[in-house]
Amino acid sequence: MESFEEIADEEVPKEPRIYVSQSLRRLTREILATKTQNCFTQTKRTEITMIQIAFSIGLDSIWRFPYLCHRNGGGSFILVYFFMLLLFGIPLLYIEMIMEQWLRVDNVRIWKQLVPWLGGIGYASIMVCILVSLYNSVIIVWSLSYLSHSFDHPLPWNECPLVKNINVTDLSCLRTVSHQYFWYHTTLSASGHIEEGVKALVLHLTLGIFAAWFLLFLIMITGLKVSIPMLIFSVFLLYILLCLFIRSLFLEGAIASLRRMVTIELSAWASLDLWRQAGSHVLYSLGLGMGTIINLSSCKTGGSNYAQVASLMALVNLVTSLLATSIIFIVLGFWAATSGHACVEKGVSKLMKLIDDGVLPQDAKPPENILLQPPLDYLDWISNLPRHLQDQVIRFSPSCSIKAQKEKFMEGPGLAFAAFSQVVSLFPASSLWAILFFLTLAVTELSTLIRILEGIVVPFQNSIFRNYPQLLSAVVCLGGFLGSFVFTSRPGSYIMSLFDDRLVPLTLITIVAFQNVALAWIYGAKRFREEISSELGHFLWSFFTFLLCYMTLPGLLALLIICLIQLYQRVPPYYIAWNSSVSTHFTSGGTSRTTLPLNALKSHCPKRCPWPPSSTSHGLSTAW
């Protein structure tokens with residue numbers, strides 16, 4: 001008699017049971033793999049979104065937007081910038097994101113695939129990345145320079161520094177606030193004009209450039225991920241800016257300064273320079289035309305998510321820029337409120353107290369009617385004192401500008417550093433705040449510069465240096481180090497200002513305009529929309545084609561025309577130069593506006609100076 005087990009074995013064969021088991025295992029593995037892939041995709045999607053948002057908080061929102069806003073009238077510039085951000089900033093950012101999602105190639109090959117005979121657009125993007133990386137590296141050095149001085153107590157920019165070898169302070173420091181003096185005299189060792197050339201390099205700036213590019217080289221060859229530190233420091237930077245803003249609200253003239261910042265003057269909109277600078281900064285701040293968005297590896301997220309990310313990037317960038325600009329306007333208002341007659345009153349009061357306490361002799365007593373005279377008479381009285389008394393009076397003079405006209409002190413990229421150094425010095429434990437702030441600035445700019453260098457490295461790594469990535473990193477960093485030498489010279493800040501104000505905006509606007517023309521009219525906006533829709537699995541917004549052809553393109557072409565018109569303008573461009581002389585005709589607050597013909601950098605025109613020489617003047621004689 002057969003057993004129950006044998007009958008069961010005969011009725012139920014083993015092979016089908018084994019087959020079902022294997023199928024279940026395979027199905028289980030596929031389910032687990034799908035869940036793991038979805039989890040990784042979600043993590044990657046979130047990380048990339050955070051990287052893009054952190055990139056939008058880049059240091060250009062801290063140093064570039066505020067001085068452009070200050071130069072172009074505050075509220076008028078902000079409104080034009082916001083209009084252009086909506087007109088073509090967010091749409092172009094969205095387009096670059098979905099293009100990367102669609103083709104998944106670098107910024108050179110993407111244009112070779114779309115429009116082969118316009119493949120040079122990608123190489124032009126590399127050129128812009130090279131230019132921007134060169135002068136952005138010196139901004140890291142400026143942050144490192146302030147960081148190194150932040151360990152001193154008291155902070156050295158709070159008072160006029162001593163002149164080397166004679167242990168006295170410079171009389172020219174009384175003509176401006178000490179923070180501006182520290183910027184030009186200590187940080188830059190700036191010359192009075194650009195003709196000095198690049199022969200004289202500033203030692204500490206040159207060493208800082210070497211340190212910055214060497215650190216970039218180490219990050220590139222070791223493959224260190226900077227996305228998470230970049231995000232952490234970006235959030236920390238926003239926190240510090242908020243603290244600085246709250247503290248600056250308690251400064252004298254804060255409300256009036258904020259009111260001045262948001263005041264809109266319709267007459268300012270007639271300036272083509274305002275529209276050019278606002279439009280170029282939209283492209284610059286969002287990284288458009290540089291390939292930083294296209295080169296960022298991504299995952300399939302869908303078009304609607306890209307629209308949200310693009311809008312969020314623009315919003316965070318705008319909020320950061322406005323926060324930094326508010327702080328700087330408040331500091332400028334504080335300088336104006338405490339300068340001129342107010343500074344003379346403060347100085348006379350302090351001198352009288354020191355004389356009563358026996359610190360200063362009676363010979364250092366100011367004239368009785370000095371407060372009824374112009375501030376320049378107070379400077380004349382100091383300059384006519386005996387040498388030993390003059391040194392003591394200058395040393396104990398307050399940190400404010402005795403010679404101030406029209407409430408204007410300085411312009412250019414250094415405005416942010418001078419203003420923020422003023423605010424951090426007002427906190428308790430000011431050295432600690434200075435260390436945290438300038439360290440965060442340096443790390444944020446370093447992270448931003450790495451994103452820009454990707455626009456140079458990724459295309460070459462995918463073509464020429466495929467098997468030699470470390471050699472490519474060495475070549476890029478060595479070239480960047482040598483190319484940055486020009487900005488570490490004594491007139492280097494003037495050259496950097498010309499690069500940032502003239503060369504890069506024109507090149508960037510030209511590239512983005514060509515990209516838009518190639519995409520909208522050569523490749524075809526309707527064709528592009530259909531192919532993108534098939535890739536994403538749903539149709540794009542029907543307004544997309546109209547936006548690409550009839551909104552972003554005319555705006556970019558108008559900006560390009562404005563840039564070309566200004567190349568042939570009668571009024572030559574200018575740069576802000578440090579002038580420590582006693583001349584009252586060209587200086588105010590320690591700086592002078594110097595006109596500079598675009599086609600001849602060697603021509604120095606502190607007053608009306610025609611170029612080419614003619615009977616008609618083509619210069620700007622206005623001086624800050």
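**Chatting through the chain**

Mentor: The secondary structure of this chain comes to 21 helices and four strands, where helices (H or I, at least four residues) and strands (E, at least two) are DSSP runs numbered from the N terminus. This is a predicted model, in which local features need pLDDT of at least 70, side-chain atom pairs count only at pLDDT 80 or more, and totals for chains, interfaces and linings use all residues. Residues are numbered from 1 along each chain as its sequence is written, and side-chain values use heavy atoms, with hydrogens and water left out.

Trainee: Thanks! What share of the residues count as buried?

Mentor: Of the 624 residues, 55% do. Buried means under 20% relative accessible area, exposed over 50%, partly exposed in between (1.4 Å probe, protein chains only).

Trainee: And which residues touch the most other members of the largest nonpolar core?

Mentor: Phe 420, Phe 437 and Phe 528, in a core of 163 residues. A nonpolar core is a set of buried Ala, Val, Leu, Ile, Met, Phe, Trp, Tyr and Cys residues joined through side-chain atoms within 4.5 Å.

Trainee: Which helix gives the most to this core?

Mentor: Helix 12 (residues 303-337), with 18 residues.

Trainee: New topic: why does Phe 481 count as buried?

Mentor: Because its relative accessibility is 17%. Phe 481 is found in helix 18 (residues 469-483).

Trainee: What is Phe 481 in contact with, leaving aside neighbours within four places in sequence?

Mentor: Thr 206, Ile 209, Phe 210 and Trp 213, contact meaning heavy atoms within 4.5 Å. Phe 210 and Phe 481 are 271 residues apart in sequence, yet 6.4 Å apart in space, C-alpha to C-alpha.
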